[in-house]
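Me: Got a model here that I'd like to go through with you. Can you take my questions one at a time?

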Amino acid sequence: MSEAEERAESTEELPKAAVRKPKWSFPVIWIVPVIAAVVAGYLVYDRVRAYGPTITIRFKDATGLRGGETPIKHLGVTIAQVKSLELTDDMDHVLVTARLPRGPVSVAREGSVFWIVRPELGVANVSGLGTVISGPHIEVLPGKGAPKSEFIGLESSPVMLERNGLKIALLSKRVGSLRPNSPIYYRGVEVGVVQEADLSADGTMVSIRLFIRERYAPLVRTGSKFWNVSGADVRAGLFSGLDIKVESLRSLLAGGVAFATPDDPNAKPAKNGMVFPLYDQPQKEWLEWSPKIAIRPEK
């Protein structure tokens with residue numbers, strides 16, 4: 001046997017090493033970037049998950065509102081922020097877009113009312129002075145209807161932040177000094193406000209819409225009498241002297257309406273939309289009416 005044959009035979013007899021391939025070959029250098037990407041993705045997901053629906057509110061004037069700054073509040077608590085503002089196609093209104101937070105209760109529902117809170121200084125009403133420094137914000141009165149994403153904002157604050165109540169109208173030849181937010185009194189207690197006044201359909205009378213708070217709605221019945229208590233009732237006589245009667249300082253400045261209800265067991269509670277005449281003066285017997293009508297306690 002030659003030397004070459006012996007060498008080949010000895011090579012064939014050598015044991016072969018078993019090479020075990022790794023199960024995965026992910027480069028270690030990518031571990032840190034992958035972890036960073038996972039964390040960033042989770043943060044983005046968590047951020048997106050916190051967002052609720054996007055809504056648009058149409059206002060006629062959005063002076064003072066700023067995208068990314070102006071808050072939307074309910075009862076003084078910020079619940080969202082204005083995202084952007086843009087003019088409508090006809091250039092007559094402003095569309096305010098806001099993204100609401102996700103939550104079990106949302107204001108993106110039918111019946112929600114939005115308005116811009118700005119400083120208001122009236123004859124008998126001062127409000128929103130805090131916005132002189134902080135700037136205007138959007139206030140919302142949540143609704144309870146079906147989900148909704150488009151709203152029409154009010155041009156001014158609603159006269160009363162309540163939904164449930166009695167809505168009736170008074171007819172008069174003149175509106176006098178009555179105006180939105182003028183008080184409604186029952187035995188001297190304020191139970192509602194004037195919402196608005198407008199001419200009747202045929203233009204012969206003034207229709208004055210009232211809102212009576214839900215708690216006091218049972219006081220208004222089919223036989224109730226309403227009269228104007230705006231200003232002061234001044235009477236002078238040679239022997240009686242000067243007699244000045246004022247329902248309240250507020251009614252003196254902003255006008256007001258009072259009403260009385262007779263003790264009539266057949267009288268039925270008033271319903272929404274009922275119309276009553278507005279008298280200039282009460283009759284003496286009206287002021288003596290004192291029926292027993294149950295009123296639920298204040299919440």
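Me: Which residues make the nonpolar surface patch of about 840 Å²?

Reply: First, this is a predicted model, where local features need pLDDT of at least 70, side-chain atom pairs count only at pLDDT 80 or more, and totals for chains, interfaces and linings use all residues. Residues are numbered from 1 along each chain as its sequence is written, and side-chain values use heavy atoms, with hydrogens and water left out. A patch takes residues with over 30% relative accessible area and no salt bridge, nonpolar side chains (Val, Leu, Ile, Met, Phe, Trp, Tyr) being joined within 5 Å and like charges within 9 Å; areas are Shrake-Rupley with a 1.4 Å probe, only the protein chains shown counting as cover, and a salt bridge puts a Lys or Arg side-chain nitrogen within 4 Å of an Asp or Glu carboxyl oxygen. The patch is Val 28, Ile 31, Val 32, Ile 35, Val 39, Tyr 42, Leu 43 and Tyr 45.

Me: Is Leu 43 buried or exposed?

Reply: Leu 43 sits in helix α2, residues 31–50 (helices, H or I, need at least four residues and strands, E, at least two, as DSSP runs numbered from the N terminus). Buried means under 20% relative accessible area, exposed over 50%, partly exposed in between (1.4 Å probe, protein chains only). Leu 43 has 54%, so it counts as exposed.

Me: Which residues does Lys 148 touch, leaving out those up to four places away in sequence?

Reply: Lys 148 is in the loop between β8 (137–141) and β9 (150–152). Its C-alpha is 5.6 Å from that of Glu 110, 38 residues apart along the chain. With contact meaning heavy atoms within 4.5 Å, Lys 148 touches Ile 55, Ala 108, Arg 109 and Glu 110.
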